[in-house]
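Q: Can we go through this one together? I have a few quick questions.

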Amino acid sequence: MTVLRLARSELKRMTGGLLPKLTILALTMVPLLYGAVYLYANWDPYGHLNNLDAALVVEDSGATAADGTRLEAGTKVADSLVEGNVFHWIPVDSPAEADAGVRSGQYAFALRIPKDFSANLVSPGSFDSASQAMLNVTTNDANNYLLSTIVDKLTTAVHSTVAKEVGEETANQLLTGLGTIHSKMLQAADGASQLADGVATLRDGTVTLHEGTSALSSGADQLYAGQLKLRDGANQLADGAGQLSSGLAVLKDKTATLPRDTQALASGAAQIAAGNAQLNAKVQDVAAQLDAADQGLRSRVMDSNSRLVASGVLTQDQADKVLADFDAAAASSPVATAKSKIQTDAAQVQQLADGSEAVSVGAARLAAGMPALKDAIAQASAGADQLHAGAGALAAGEQTAVDGSAQLADGARKVDGGAAQVSDGATQAATGSRTLADEIGKGAGQVPNPDDAQKNNLSQVMADPVAVSNVSQAKAGSYGAGLAPFFLTLAMWIGIFMLVQAMRPVTQRALASNAPSWKIALGGWLPFLLVSVVQASLLTLVVDVALGLNPAHPVLMWLFMLAAAMAFSALIQGVVALLGSPGKLVVLILLVLQLVSSGGTFPWQTTPQPLHVVHQVLPMGYVVTGMRHLIYGGDLSMILPTLAGLLGYTLLGAALSTLAVRKNKYWTLKTLKPEIAV
């Protein structure tokens, strides 16, 4: 018995009459009814929120901003909500009526804009009374649980829009104020710069003043020192003048007889000069006579020698020798000595005569000038007396000058110290004023001064500083498209699970044959595979064409659905074949486990930790992930590993089916009469 014959036998049994045919048709339609109808009902629920009635209560009375602008924020928000047409907004007069309508279900929810809404929006203009503007939302989960989440998103969007608009206006006013501050700070910087220039001029003047007072102080000190010296000099002068006066008085007394004494001296000197002149004449005459006698004696000796030489008595040499002996004897004779002494005395007498003459002349002159000297000494003595008196007065005056110069020096030092302090203060003031001008200038440069275009741009950025740039690598087109991978996979599992209610995993006839176990198992699985392929193809066709899923990879999606049908049918057929009626409960339990762990709605990572193991072990999570990549256009690198995994699940199901065939070839009483049949 071949595999195909076994499969054809089971299919023939299922299509042998009208009711079996209808049963197969109904089973084929199960995934379509479950998956397609559910997706159809939930394809775009957010696009039909305008069918929900929502109460809108506007109590806002408006407010006037600080710049005089009238703000009607509540009316503006209400108008934008009505124009947006997200919900069917119904104006209601009072909050009580709106709350009653929400409680009774007449309204899905209520939005109330309170009376002080606009006033609170403009309140940040005052530091004392800033308050948040409130939007009051009333919901009732008895109407619908998810409606609260949807309303929260709506009110969050309204809050963001209003906050952005009000923040933009506030930021614009702030930037305008900053521009005003900038211009005022520039004016302050100019004034501070002028102040700095004036203080700098003052500083230069105080520096000059300090230099002058320093020079004055130094000059005063020098004057004081000079006055001290002058005082000491004046005192010395007074002392010297006193001594000079006393000395000149004594000199005057001592020189009173000088004219008479010098006249006598001049007369005596004249007499001495006359006597010395006579003595000199006599001595000079004696010296001349001695010299003449000496020269005459030598001449006679020379004449005698000449006659003797001429007479031949003596030779010339002998005559020269005689003359030499005569000269030698004459030089050492007492006459020669007396002559030399007389000549020496004559020279001294001549000097004495000359000196006596000079003394006589000087004494005469001294005698002639002595009366004038006497008079001069008398005058000098009188002048010295006057000098002594004047020097005393000068010394007293210099002491007064010393005291005054000391006071002047002290005052000059005090003035110099004050000028130094003024100069230091002026320097610090100049530095501080210049620093003030520079810092105000820097501060003015740091305070923004935007133009109108910049203010508009900056106010928009400040009102909404964070923008989100969404880059969607793969995106579902609608709410239904987002749920499609999960519900298509779930529909396939449920549809195949329903097959075991009408189709036998393994036929009794096949078990009674001698065919190999694997052939019997494969023959029992092929009808399941064939029907599941039809289910998957029909479901894919309806969802793509009728609902407009428009997957990114339609052919690959269909082939992937067939692979999932292959794996699911093998597992379900193998489990039921091995366990019998309890196997159907096991398949149902596997369905529940995969329903909560496959990550069809929320990411599977958000489930409790034990379910993570279920997600990793069972096939539905992998199928859901693969379907998302194929429908939305994600990365396809994980498709081949997933297909390999589905093939592994298929082989696992085949192994379970083969094991079931081996087990069920041996009939027992339980085989003939099972304990339970579902």
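Q: Where does Val555 sit?
A: Val555 is in helix H14, which spans residues 554–579. Keep in mind that this is a predicted model.

Q: Is Val555 buried or exposed?
A: Exposed. Its relative accessible area is 54%, and the cut-off for exposed is over 50%.

Q: New topic. How many salt bridges turn up in the whole structure?
A: Two, from a search of the whole structure.

Q: What does Arg112 pair with?
A: Arg112 forms a salt bridge with Glu59. The closest N and O atoms are 2.7 Å apart.

Q: And where are those two in the chain?
A: They link distant parts of the chain, 53 residues apart. Arg112 belongs to strand E5, residues 109–113. Glu59 is in the loop between strand E1 (53–58) and strand E2 (63–64).

Q: How exposed is Arg112?
A: Partly exposed, at 25% relative accessibility. Glu59 is also partly exposed, with a relative accessible area of 28%.

Q: What about Arg70, which partner does it have?
A: Arg70 forms a salt bridge with Glu72. Here the closest N and O atoms are 3.2 Å apart.

Q: What is the relative accessibility of Arg70?
A: It is 48%, so Arg70 counts as partly exposed. Glu72 has 34% and is partly exposed too.

Q: Switching to helices. At what angle do H13 and H18 pack?
A: About 120°, with their axes 8 Å apart. Helix H13 runs over residues 517–546 and helix H18 over residues 639–664.

Q: Why are H13 and H18 called oblique?
A: Roughly perpendicular stops at 115 degrees, and roughly antiparallel needs over 145. The angle of about 120° falls between those limits, so H13 and H18 are oblique to each other.

Q: Is their crossing left-handed or right-handed?
A: The crossing of H13 and H18 is right-handed.

Q: One last residue. Where is Arg662?
A: In helix H18. Arg662 counts as exposed, at 55% relative accessibility.

Q: How far apart are the C-alpha atoms of Arg662 and Ala521?
A: They are separated by 9.3 Å. Along the chain, Arg662 and Ala521 are 141 residues apart.

Definitions and conventions
Residues are numbered from 1 along each chain as its sequence is written. This is a predicted model: local features need pLDDT of at least 70, side-chain atom pairs count only at pLDDT 80 or more; totals for chains, interfaces and linings use all residues. Side-chain values use heavy atoms; hydrogens and water are left out. Helices (H or I, at least four residues) and strands (E, at least two) are DSSP runs, numbered from the N terminus. Buried means under 20% relative accessible area, exposed over 50%, partly exposed in between (1.4 Å probe, protein chains only). A salt bridge is a side-chain nitrogen of Lys or Arg within 4 Å of a carboxyl oxygen of Asp or Glu. Axes are lines fitted to C-alpha atoms, for helices over the stretch in contact, and angles run from 0 to 180 degrees between N-to-C directions. Angles under 35 degrees count as roughly parallel, over 145 as roughly antiparallel, 65 to 115 as roughly perpendicular and the rest as oblique. A crossing is left-handed if the near helix is turned anticlockwise from the far one by less than a right angle, and right-handed if clockwise.
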